[in-house]
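Keep the sequence and the 3D view open while you read.

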Amino acid sequence: MTARTRYFVIVSLLVLGVGLGTGLVAYYVGIPQSPFSRHAGPPELQYVPRDAAILAFANVQEIMHSDLRQKLHQAVPGGENGQAELQTLTGINLETDVLRVVACAYPNASTTNMSGDGMVLATGTFDETKIEALMREHGAQVEDYKGTRLLVTGVSGTQPRRFALSFFEPGLVALGTSDIIRAAVDVHRSGDNPQSGTPSVLGNEELMTLVRGLDTGNNAWAVGRFDVLTSHAKLPPNISTQLPAITWFSVAAHVNGGLRGTLRAETRDADAAKNLHDVINGFLALGRMQAGSRPAIQAMMQSLQLGGDEKSVSLSFDVPAQVFDAIHH
Amino acid sequence: MATDPRPRTLTSAVRVFDLSLGQMLWSRRSLFLGVLLGGPVLLAVALRAVATVFPAGFRVNGAEPAGASVFGFMIWLLYIRIIIPLLGVFYGTALIADEVDDKTITYLFTRPIPRRAVLLGKYFAYLVCTVLLVLPSVMLVFFLVVPTGGTTIAQVFPSLVSDFGMLIAGLSAYGALFAFVGTRIKRPLIVGLVFAFGWEPAVVLSPGYLKRLTVAYYLQALVRHEQPSDSPVSMLLQVFREVPSVATSLVALAVIVLLALWAAGHAVEHREYVLEQ
């Protein structure tokens, strides 16, 4: 074998060895996402544990500075009370400090009621010292969980719960039920490794397929398991049997001068999609009749478009800024 | 006690392998191989660049496809349907035919080694040469494409390992089959191309038992990725797709390799190659 053949064989085996080694490390130990790799949705999803029943996102800055929000702010001036209260409690100014928010919810598998676990991940500029001091004033205690500092507080009531707050990264605060915050720490520490038993929502292919469809052109979206939510809601049997066979639902909206968005429901089968399509079509016809001579409502009803495919139904809407002007005046 | 002065087949095959590997790697055919295998890598680089540079990423029908799906699509369309059969045809048919065309077969056959050792050595050189080029190409495509669109390397890694096994099985089977064709037929390249890109796709597409007389039928059963439904032909393939079990496919491919190599060795031992003047 000549020297250059030997070098070729060595280089080729080296490429294979490095590749297989990296793959094995990723599979058994987990590796963090590379800065050059990009997944659908915001980067905070790497902290969200896999089986979220609801996952939601909002680009707070875009929504807060949208023309629509400014109009609503002028029309309903008392709306900033909640904002002021939040600022007093945590020192967070929603208008200037928070860039975006990711929220997730998990039903409690052991019960059939709606009280489950949840977490909000907010990205922005936060005064960590002030927030910690305020939390301590309200009885929160500092705990260490696998090297991550948690501020844990209990809430008494019929169902006592424990809530936790933690700064996962500079400018990223997580707030939620204690169990989910700990699970989020585990997910991040394991580097989204399926072998560790704590994969992130990025590995939930079914959910991420929906997120990919919502991620572009919308500044707020939510996606969830309809069947999981209804199974945990205490609905009377005559209502629960009448509910359409929806598996996933999603809502996406772009807020600017107006409001544009899409509601989508994935059904169990083609028959369920057809039934749901017919029901919504009926409601739309009724709505158009009721709109009568009110031009603002008429314009809004005209913007509703019903669509979908074999196993999904979608309702898109595009409410222009003029409609909000007309309602305001 | 008198001993056989002719070296054993395996020892001779190793010597032929050592000689042939370098010849095969640095031949004009390798340029073609480089272009063939560089194509998917360049495509993967382009897809990755789009996914990294543009926030919306690479989109199909308004949605960003998962990296795992794109990788599976590339394995199906580029490697299984084109690259593996093409490498088998070009290299397999040339193992003996090239020596005949270059009139150098006499030099090999006048050496004190069994004739089948020449074929075996060249076959192993083909296998090592193609495996060392195809697998790194697939590896690069994997690491470029998979982390886009929300999938992680950890999720798809097990399928990469099985893809490697499947590709080695495909290269072995096609190489052995076309090595046999190269030893028996005068214009082996044309026959090989007709078999790989005429007979196989047509038979696999149609219902019935004839598909069992192809390599693709057994090879495609080893693929873990979902078959793409990108064209009417692919949709027909899915309708008539009859998938044998993995064990059946592995046994069938092993039988194809052993039978084809035995037949090719037999042909080389007994055939009288007449060199054109």
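A crossing of two helices is left-handed if the near helix is turned anticlockwise from the far one by less than a right angle, and right-handed if clockwise. Helices (H or I, at least four residues) and strands (E, at least two) are DSSP runs, numbered from the N terminus. The model is predicted: local features need pLDDT of at least 70, side-chain atom pairs count only at pLDDT 80 or more, and totals for chains, interfaces and linings use all residues. Residues are numbered from 1 along each chain as its sequence is written, and chains are lettered from A and ligands numbered from 1 in the order in which they are written.

**Chain B**

Chain B has 11 helices and zero strands. Of its 277 residues, 45% count as buried (20 or more other C-beta atoms within 10 Å of a residue's own; exposed means 12 or fewer, partly exposed in between; C-beta atoms are placed from the backbone). Among contacts in chain B with a separation of 6 or more, 84% join residues 24 or more positions apart. Two residues are in contact if their C-beta atoms, placed from the backbone, lie within 7 Å.

**Helix pairs**

Two packed helices are described by the angle between their axes and the distance between the axes. Axes are lines fitted to C-alpha atoms, for helices over the stretch in contact, and angles run from 0 to 180 degrees between N-to-C directions. Angles under 35 degrees count as roughly parallel, over 145 as roughly antiparallel, 65 to 115 as roughly perpendicular and the rest as oblique.

Helix H3 of chain B (residues 67-92) and H7(B) come within 8 Å, axis to axis, and cross at roughly 20°. H3(B) and H7(B) are therefore roughly parallel. Their crossing is right-handed. The meeting residues include B:Phe71 and B:Ile75 of H3(B), and B:Leu167 and B:Leu171 of H7(B). This contact divides into 17 nonpolar, six polar and one charged residue. Ala, Val, Leu, Ile, Met, Phe, Trp, Tyr, Cys and Pro count as nonpolar, Asp, Glu, Lys and Arg as charged, and the others, Gly among them, as polar.

H7(B) (residues 153-184) also meets chain A. Its axis comes within 8 Å of that of helix H1 of chain A (residues 3-28), crossing at roughly 125°. H1(A) and H7(B) are therefore oblique. That crossing is left-handed. A:Gly23, A:Ala26 and A:Tyr27 take part from H1(A), and B:Phe157 is one of the partners in H7(B).

**The sheet of chain A**

In chain A, 12 antiparallel strands form an open sheet, ordered E4-E5-E6-E7-E3-E2-E1-E8-E9-E10-E12-E11. E4 (141-145) and E11 (305-309) of chain A stand at the edges with a single partner strand each, so one side of each has no neighbour in the sheet. Two strands pair if DSSP finds at least two bridges between them.

| Antiparallel pair | Bridges |
|---|---|
| E2(A) (residues 98-106) and E3(A) (residues 117-124) | eight bridges |
| E3(A) and E7(A) (residues 172-177) | five bridges |
| E1(A) (residues 54-58) and E8(A) (residues 220-225) | five bridges |

A:Arg100 faces A:Thr123 of E3(A). A:Ala122 stands opposite A:Val173 of E7(A).

Is A:Leu121 buried or exposed? A:Leu121 has 24 C-beta neighbours inside 10 Å, so it counts as buried. A:Leu121 lies in strand E3 of chain A. Beyond four places in sequence, A:Leu121 touches A:Glu44, A:Tyr47, A:Val102, A:Leu172 and A:Ala174.
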